[in-house]
There are 2 protein chains.
Amino acid sequence: MDSVLKKVMKRIKPSRREERKVEREVKGFVEELEKRIEKKGYDAEVLVGGSYAKGTWLPDPDVDVFVRFGEGNNLSERLREVLKGLKYEEMRASRNYYRIGRFEVIPILRINSPEEAKNPMDVSPFHVDFVRKNLKRPDDVRLLKVFCKAIGVYGAESYVSGFSGYVLELLICYYGSFKRLFEEVEDWRPKVYLSFSKKRERLSKAKLRSPLILVDPVLPTRNAAASLNYENFSKFVFNARLFLRRPSTKFFEAKPIDEDFLKKRSSKRGTKLFLKKVRIKGKRDVFLAKLKRKLGRIKSRVEGYGFSVYDYGFQELGDRVLIYFEFETWRCSRKGRHLGPPVWVPKEHFERFLKKWGDVYVHGTRLVADVERVDDARVLLRDLLREYDV
Amino acid sequence: MDSVLKKVMKRIKPSRREERKVEREVKGFVEELEKRIEKKGYDAEVLVGGSYAKGTWLPDPDVDVFVRFGEGNNLSERLREVLKGLKYEEMRASRNYYRIGRFEVIPILRINSPEEAKNPMDVSPFHVDFVRKNLKRPDDVRLLKVFCKAIGVYGAESYVSGFSGYVLELLICYYGSFKRLFEEVEDWRPKVYLSFSKKRERLSKAKLRSPLILVDPVLPTRNAAASLNYENFSKFVFNARLFLRRPSTKFFEAKPIDEDFLKKRSSKRGTKLFLKKVRIKGKRDVFLAKLKRKLGRIKSRVEGYGFSVYDYGFQELGDRVLIYFEFETWRCSRKGRHLGPPVWVPKEHFERFLKKWGDVYVHGTRLVADVERVDDARVLLRDLLREYDV
């Protein structure tokens, strides 16, 4: 295992040259911000945060830069004043922030302890401090991030529901190393409860819904892994077990779910494949989160019509998304059974059903009629995608 | 409605000639039995029961003849002695009885009240007495029987789960006439509770499972309609409502579910039809009851494979049974998903699943593999029918 990890590390760790390049960029950007803040006379300081500050970043990183204000409301507006004249993109969130190249410039409030936070973002500097103090092997976080990316479980966004960078950092803090973590994950079984303090914390029910309860050491009422779902937890355990059985660099290389892969898999399974490429419109995160919800609903509706879906999902390919539905059954009878109310409903309803549907009979306890319907899952799917504006 | 019922009655009521013919046969048979009993010196008398005794029989009737013994066990054996030399067929039941032509010769025990019954059969003479005393319109029972037969809900046998003759007689006793019954059925809604006494009886839970609780007036701890299921209850209510809307003699004519009917219906629905004719082996009732259970299980298994069944069942055609399955979906992908245990099972199980299935991945929280399977419902059905010896 050690030799495999070493090989991977060589590939994924930013080179000295890149380190210096990013360092220069960060320094320049921070100085620029500080000058602008001084000019405005704001009581605020600039902090570098995120994976960059924690030394767990991967090549070509995004860098979080916090502008921490001493007090007050309208932080986003005041930060916008600071950035005036720069080419920024405003990002909608519970508190708006700004994107400039690789930098995410985030307005936060200066607080004495995490409990005083007005917004989850305000807690971020405490996260940075905790990880800096407790993380002995930042490179192991890099390995872990690449592993999770490759198996598709990296990211706490709602359209991923996987592990956030912070969760992965905490896991390495907690277990000490990548190797030790995996040895423990091999025996993970939900619910897994991890806490840096001996005190059993009282978390609300909603925070206990996830298979992993990782008590946030800087705000112990919070489950840092609250957005992880069971499927991704399971994928992680599964791949960790496979990796321990037979370590290989392959686990760190994402296999893209592209047209070619999907077609081959479908023909091996003998399923019917439906593909559609759509362009990402608007903000990527919002678009993908919505898309995921819509596809889930469409899948349920397709199954409601009696077809069965083997697999479905989407995959980003640059500025486009490849949507796929793979059908286990995709043809059905031309007519389907339309279920009405029980036969003993009030006479008016009985009468209405008969008038509406004509040839009515009994199935179980209910009035039913055979009605024309779409007999091809692909036609149905095309209609539904249109209905949901996908 | 009255003219429709009159027309039907003309068709279904035994002619004077038949009445006389059956009467002669019954008289002759009873005398023969009485002679034989006397010869044996048994303390027993012969009673004519069933629909014949109650005047609710239909053309070419079966006639129940009770041989009521004064005391003792081994009633079946003693009755067999009586019948020695006659061409009888022994019928298996909780107490065996005998069939000779149209006669069912049933050994029962003389008791003073229904509560003393050793066997449900012992209560029969009390049923006969009750109906004779309380049934004002026996011809209306005839109408009701033909109606129920035509819509397929007549018979308390487990492969029908419909209305027994006795239940139909009680319903006419209770409501007074066919017309009045239907006017009430129009508003039936489970559970329907009918009792001849004002006292609310305490029936066991099992007896309350049926949608109709019809307290047996001669044994009030019994639900006379216990074997009626919801589907047949619903069919009865449905057809009663239809009949009241537009009375017609058609409701009294069974539409046979034969090959021709099934093929036409299937082609209208665009389903895939599977037909098989099998010869009835052994006792008809036993054969059909078993067949019904087997087909129910086969249907579940077929659906477990991802196919969906629109309709299925069987229909007697003389000494054969026509079995039919009508498929809503009948083709599926060549491979199916084989579900294994959750990914976090003990390592030995994990290992075993991987070794056995090779190309394993995660679906939800479980280990799964794509495996070859039958992709045609008809092939699967043929295999299952063989497996269940149908």
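Let's start with His127(A), which sits in helix α5 of chain A, the stretch covering residues 124–134. Keep in mind, everyone, that this is a predicted model. Is His127(A) buried or exposed? His127(A) is buried, because its relative accessible area is 11%, and the cut-off for buried is under 20%. Who does His127(A) touch, leaving aside residues up to four places away in sequence? The neighbours are Tyr166(A), Asp216(A), Val218(A) and Arg222(A).

Now, on to where the two chains meet. Chain A puts 51 residues into the contact, and chain B puts in 51 residues as well. Together they bury about 4,200 Å², with 53% of that coming from carbon and sulfur atoms. On the chain B side, Phe238(B), Arg241(B) and Trp344(B) stand out: they supply 17% of the area that chain B buries against chain A, more than any other three residues.

One to find on your screen joins the side chains of Lys347(A) and Glu186(B), at 3.6 Å from N to O.

Which element gives the most to the side of chain B that touches chain A? That is α9(B), with 10 residues. Others that give two or more residues include α10 (259–269), β9 (308–317) and α12 (347–357) of chain B. By class, this side of chain B has 21 nonpolar, 19 charged and 11 polar residues.

Notes:
Residues numbered from 1 in each chain as written. Chains lettered and ligands numbered in written order. Predicted model: local features only at pLDDT ≥ 70, side-chain atom pairs only at ≥ 80, totals over all residues. Heavy atoms only, no water. Contact = heavy atoms within 4.5 Å. Buried area = accessible area lost by both parts, 1.4 Å probe. Salt bridge = Lys/Arg side-chain N within 4 Å of Asp/Glu carboxyl O. Helix = DSSP H or I, 4+ residues; strand = E, 2+ residues; numbered from the N terminus. Nonpolar A, V, L, I, M, F, W, Y, C, P; charged D, E, K, R; others polar. Buried < 20%, exposed > 50% of the residue type's maximum accessible area, 1.4 Å probe, protein only.
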